[in-house]
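Colleague: I would like to learn how to read a predicted assembly with care. Please take the features one at a time, giving the general idea before the case at hand.

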Amino acid sequence: MEVIIENLPLYWEGLLRTLFLSVVSGIIALILGTLLAAARVSPVAALRGFSTVYVEILRNTPLTIAFFFAAIVLPRLGVTFQQFEVAAIIALSAYTAAFIAEAVRSGVNSVPLGQAEAARSIGMNFGQVLNLIILPQALRTVIPPLINILIALVKNSSVAGAFFVLELFGYGRQMANANGDQVMAVLLGVAFFYLLLTIPLGILASTVERKVAIAR
Amino acid sequence: MTSVLYDVPGPKARRVSLIGSVVGTVLILGLLAWIGMTLAQQGIFEGRRWAIFTRGDVWTLLANGLGATLTAAALAAVIAFPLGLMFCLLRISLVAWIRIPARVVLEFLRGMPVVLMMLFVLLVFGTSSFVAVVAGLVLYNTAIFAEIIRAGIQSLPKGQREAGLTIGLTSFQSRMLIELPQAVRRMMPSLVAQLVVLLKDTSLGYIVAYGELLRAVQVMADFLGNAFLFPIFFVAAAIYIVINICVSRLAIWIERRGSTKTAGGVAKAPTAVVAPELPDVRESK
Amino acid sequence: MKAFMTRRKSFFVAATAALALSLSACGGTTPGTTSDPTVADKPTFAAGTTMAKLSAAGTIKIGTKYDQPLFGQVGLDGKPVGFDVEMGKLIAAKLGIAADKIEWSETVSANREPFIEQGKVDIVIATYTINDKRKQVVSFAGPYYEAGQALMVNKDNTSITKPEDVAGKKVCSVTGSTPAATIVDKYKAELVPAATYSACLEPLRNKQVEAITTDNVILAGFVDKEPDAFKLASDQTFTKEPYGIGLKKDDTEFRNWINDQLEAFGKDGSYKKAWEATAGSVIKTAPELPAIKRY
């Protein structure tokens, strides 16, 4: 216990970094993922194709490989950055976007056919149907799975600890080494701080789920 | 279904779409070409860097890494599945003092990064990295399997359980004989899709020094020199993607094949493999 | 559908083949690649000692690192090579155990003590710095080598020559390692954590970090592989890292015996030979065996 209190500043710093990575990557992934989902159902074949290939590849790539690519291969392509957080955010948001795209797409599919038909029959075009009718309804049903994806994102950000970014997991390793005799307490502390982020999100997910279930 | 979203494109729209497609394809090919050119300038494609793949020992090491990846994944799946079934039963138990602790444990495991659990087992129990990797995967996937199967049971028509109880089965018998078999069949696509996640997560073993595929790559690059990092890395990434796509396809195939043996049919493969979609989390009766 | 069936089948076939391959590779024993010291013929030890036990068993379990160039690094044949490995072979030979009868296992920094405590390995020779904290849980024979922390920079870097120069600058090291803690706590560098030391090379090359820090001998291995890209910031080290051989706590007989052997290796030239066969390819001046610390 003592060791946790002693190192509270480090835990705090790690928690903030984890939160920062998760929030920024989460926002980028949500935008990118929604765009990909829209592309997936669009009339333009190339967009559909691109979106499908992107989602298939990223979903089947281990996150560590994505990190490896962003942190080590990208700089070789001349995309250098002074902050390694940038690499972590690229990897996390590119990876997460694929899952978000799939979730949103299934949400689009879950909207009853009649909705789209009605919208079309009053003369809306593809963009209007999607923006005004389908996506608002789809997003409601996909919110619980989306939150689950965001929970996974928070947990996945721990991989950044092995790729040049000191976040909660990285600090945890550091503290575990410095306090070799109290490893268990140190790591339970790390676990506690992760739960601090993930459990509220989980509760939010089930609450929203219940609300949505009643509303429809 | 998607075609409902827009009119069947007319000649003009088709032309615009075609032009768009061509431009898009050209842009993407251009980007790929630029990446290729840049890498080529750095000498990535020099023959000598790729010549290592003519060596048998390089392939042996890659095969060893792949073997370690598959072994850990298979073992973890085999252990986690029955544990998941068990936890699922505990989680939907009618007895509160069984149900609530089970729920707490599952929530705890689900909210934890897999790599943290691996590190915990490695350091606190001082196991080999193999045991740490398998244990980390088992702990996490037990929770996920339990939740998937629970979702399957809850999605069954109520009549199934009611019928079971009516013919005099006990609650437990109804769970085991009627609900579980259907739930597992029904959720098969999700369960198989979770295997992809499990397989991908073995690569976290890299961080705790388990000699899986990614670490085999690193070790080889260390030994041969960093000049060979990229070729080996690309080959390893390709291996991962091919295997995972195969397993994903298996999930989709099971879903399409469907089944007439369950009351509700087979559920769709999950949209978000990373976190299975769960229906309502209300307590089951 | 049919096409898919065959594809799936072939995948499983490939997977099984890979598994079989990996198993056979684990089971097979290949003779040591560098040197095979003369094996003592039926040495005798006092009954009940660890030496007698190991000698009678005819095998010894040694933990070493698999990712430290020059000291313990796994080769393409899956066998570790390096100075630590040579020391292990020398000790095993004195127990009457041939090099191919040694069971090597990979120990990482984090699990060396637990491995010794639980008897998963008999001894650990793994660039293992002797310090008081570790002495509370394991015992150390040696030291058999004294390394020290150093900095590696890009060839064209002239601004970093001593550890004080890295204050506020980005320095790459392995997450949770002692050199990482030192460079942050004592020299106020900004730590960029990596999974392995070799993972730090690309960021250094791309000038995303200013330096890499760890023990000088490991860095020397990197410089040796790419002398046109990297150099050591200075030949001076700023910590002392006496490498010891870890064994079960309070097995004093075994510890004393290993210490005796180490001193013998220093005298009969096998220490120097082991060095020249491994790390000596980079660090030309062979070290003198440091004074053994018996406690």
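Colleague: In which sense do strand S9 (residues 170-174) and S10 of chain C pair, and over how many bridges?

Modeller: Two strands pair if DSSP finds at least two bridges between them, and the elements themselves are DSSP runs, numbered from the N terminus, with helices (H or I) of at least four residues and strands (E) of at least two. In chain C, S9 and S10 pair in the parallel sense, over five bridges. Within this pairing C:Ser173 stands opposite C:Pro193 of S10(C), and C:Lys170 has C:Glu190 in S10(C) as its bridge partner. This is a predicted model, in which local features need pLDDT of at least 70 and side-chain atom pairs count only at pLDDT 80 or more, while totals for chains, interfaces and linings use all residues. Residues are numbered from 1 along each chain as its sequence is written, and chains are lettered from A and ligands numbered from 1 in the order in which they are written.

Colleague: Which sheet do these strands belong to, and what is its strand order?

Modeller: They sit in an open sheet of five strands in chain C, with the order S10-S9-S11-S8-S12 and mixed pairing. Strand S10 (190-194) and strand S12 (230-232) of chain C are the edge strands, each pairing on one side only. With direction ignored, neighbouring strands of this sheet are turned by 35° against each other on average.

Colleague: Turning to the chain interfaces, how many residues does each side give where chains B and C meet?

Modeller: Two residues are in contact if their C-beta atoms, placed from the backbone, lie within 7 Å. By that rule 28 residues of chain B and 31 residues of chain C take part. On the chain B side, helix H3 (56-91), helix H5 (114-124), helix H10 (213-224) and helix H11 (229-257) each supply at least two residues, and H3(B) gives the most, with 11 residues. This side of chain B divides into 17 nonpolar, eight polar and three charged residues, where Ala, Val, Leu, Ile, Met, Phe, Trp, Tyr, Cys and Pro count as nonpolar, Asp, Glu, Lys and Arg as charged, and the others, Gly among them, as polar.

Colleague: Why does B:Val219 count as buried, and which residues of chain C is it in contact with?

Modeller: B:Val219 counts as buried because it has 25 C-beta neighbours inside 10 Å. This residue lies in helix H10 of chain B, and, leaving aside neighbours within four places in sequence, it is in contact with C:Tyr66, C:Asp67 and C:Val74.

Colleague: How many residues of chain B are in contact with chain A?

Modeller: Here 49 residues of chain B are in contact with 57 residues of chain A, and the largest share of the chain B side, nine residues, comes from H1(B). By class, that side of chain B has 32 nonpolar, 13 polar and four charged residues.

Colleague: What is the secondary structure of chain A?

Modeller: Chain A comes to nine helices and zero strands, and 51% of its 216 residues count as buried. Its C-alpha trace spans about 70 × 45 × 25 Å along the principal axes.

Colleague: Where in chain C is the pLDDT below 50?

Modeller: The pLDDT is the predictor's confidence in each residue, from 0 to 100. Chain C averages 83, and 88% of its residues score at least 70, but over residues 1-33 the value is below 50, although this stretch has 34 contacts in the model beyond near neighbours in sequence. Where pLDDT is low, the predicted coordinates should not be read in detail. For the model as a whole, the scores are ipTM 0.84 and pTM 0.82.

Conventions: Axes fitted to C-alpha atoms, helices over the stretch in contact; angles between N-to-C directions. Buried ≥ 20, exposed ≤ 12 C-beta atoms within 10 Å, placed from the backbone.
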